[in-house]
Amino acid sequence: MPEVAKLSYGDRQLDLPVHVGSEGEHAVDISKLRAETGLITLDEGYVNTGATSSAITFLDGETGILRYRGYPIESLAEHCDFLEVSYLLIYGKLPTAAELETFRSSILNHSMIHEDMRSFYNSVPRDAHPMAILASVVGAMSAFYQDSLDPQNPRHVEVAIHRLLAKLPTIAAYSYKKSVGQPFMYPQNDLSYCGNFLRMMFATPCEDYQIDPDYVRALDMLFIVHADHEQNCSTSTVRMVGSSNANLFASISAGICALWGPLHGGANEACVQMLEQILADGGNVKKYVDMAKDKKSGFRLMGFGHRVYKNYDPRAKIIKRQCDLLLSKLRIKDPLFHVAQELEEVALNDSYFIEKKLYPNVDFYSGVIYRALGIPVPMFTVLFALGRLPGWIAHWLEMQRSDSKRLCRPRQVYTGPTERPLVPLNERS
Ligand code: ACO
């Protein structure tokens, strides 16, 4: 393949360098385009724009491949736990047993939040969405942990990373406890990462909570498959905010807000609500598939379709299998799982979905597992955030350390009025 792309514009000929990634991806470098021709590129929604080079995650949407640091998602989900995968994403290599032990112990021993932060929760309404609380409390970490804010100071960054990983489950569980009016449960450091989170969610001071190892395993798997997905909307947000040298807590808080939207991480909540609606409406799956095909209805199948995957999302495959296993092991007969399976079958055999290459994505079956674990629907996207945290951190860190880091600042094609005279207020009609 040639190493330059040739562009002709008017009477100008330009050679644009082509970068080649380690998996053979080719990208035209247009960074000098404007200086040389006056042109900018236009790509609404960044559908075809590479924002950066990255060595963290590879995904091939055409064939349904996902690898973190070269390791297939299927192997990581089967053989590792979430903290091991977090280490891999953030530090670029699988930890040795000793490295993992040190990392695990640091994370598990910093799970308590600053006591004054607990009073923060008193000032939010009981019915606030837990994602609103999560984003606010993580943003407030910049106020409470001022000794770890400098993105240029490696010690500050390391402490901020450990604090975030250690405290996010506590912050998340407290947002749930707030919504149900129960007392907050302090973390218990001798428990596993996921076991501790489940206990903080479901134990009360009057009644302890028996941690089921099947629940812990399911949660570990869910966190792992959510842990990174290269330049998605929330990760790009974290990078965008971090590019201004904003601190890590502020950058992650912005990422949480981006994740919340129903076209991104909020789709897991929207998907279960959709399945409940179909069930309540008599389980007529075909009616909803037809509605999704009708542009005028404004309805889309939640948990279907993806910007990058034009094949079955490999994460959805893993989650569906785990869902099947968990439900049969716990002897749960969840009618929503059957509606989801039926919906998938009808959609995947429908020419509209076939032609547009719309397949179930990560959010399609995750809600069914969360329900089986007793997680309330408004917490679904919060769990996505817990899983995605190491990916956000890894990208933020990669960008801060990159020699080619620059402030992210896209351009635009202006389409507003050209210059016009200002009419004084008393003369305007
Ligand atoms: N149901 C029905 N039609 C759909 C769906 C869907 N879920 N998704 C895409 N389409 C159609 C669109 O109407 C469009 O049709 P057209 O070409 O005739 O106009 C075509 O497929 C392409 O869709 P776009 O919205 O242009 O694709 P884009 O890449 O911008 O959007 C997205 C991807 C936002 C994920 C979309 O598929 C969607 O809205 N899905 C439902 C929400 C969802 O599940 N989001 C979670 C994604 S995974 C994640 O972020 C964690």
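A polar contact is a pair of N or O atoms within 3.5 Å; within protein, one must be able to donate a hydrogen and the other to accept it, and residues adjacent in sequence count only if both atoms are side-chain atoms. The model is predicted, so local features need pLDDT of at least 70 and side-chain atom pairs count only at pLDDT 80 or more, while totals for chains, interfaces and linings use all residues. Residues are numbered from 1 along each chain as its sequence is written, and side-chain values use heavy atoms, with hydrogens and water left out.

Arginine 307 places a polar side-chain atom 2.7 Å from an oxygen atom of the ligand. On its own the ligand has 920 Å² of accessible area, of which the protein covers 75% (Shrake-Rupley method with a 1.4 Å probe; for residues, only the protein chains shown count as cover). The ligand is surrounded by 21 residues, the closest being His264, Arg300, Leu301, Arg307 and Lys356; a residue is counted if one of its heavy atoms lies within 4 Å. By class, this shell holds eleven nonpolar, five polar and five charged residues. Here Ala, Val, Leu, Ile, Met, Phe, Trp, Tyr, Cys and Pro count as nonpolar, Asp, Glu, Lys and Arg as charged, and the others, Gly among them, as polar.

On a 1 Å grid over the protein atoms alone, a cavity is a set of points where a 1.4 Å probe fits but cannot get out, and a pocket is an open set with protein on both sides within 12 Å along at least five of seven lines; lining residues have an atom within 4 Å of a point. Points are joined across faces, edges and corners, and a volume is the space filled by probe spheres set on them.

The second largest pocket holds about 230 Å³ of space. Its lining includes Glu74, Arg217 and Arg321. Helices H2 (73-79), H9 (213-226) and H14 (314-329) each give two or more residues to this lining, and H14 has the largest share, four residues. Helices (H or I, at least four residues) and strands (E, at least two) are DSSP runs, numbered from the N terminus. Four lining residues of this pocket are nonpolar, one is polar and four are charged.

The structure has one cavity of 30 Å³ or more. The largest cavity has a volume of about 60 Å³, and H8 gives the most to its lining, with four residues. Among the lining residues are Ile107, Ala166 and Phe197. Seven are nonpolar, two polar and none charged.

Two strands pair if DSSP finds at least two bridges between them. S4 and S5 (residues 65-68) pair over four bridges: threonine 57 stands opposite tyrosine 68, and phenylalanine 58 has arginine 67 as its bridge partner. The two strands form a hairpin with four residues between them, and glycine 64 in the turn has a positive phi of about 80°.
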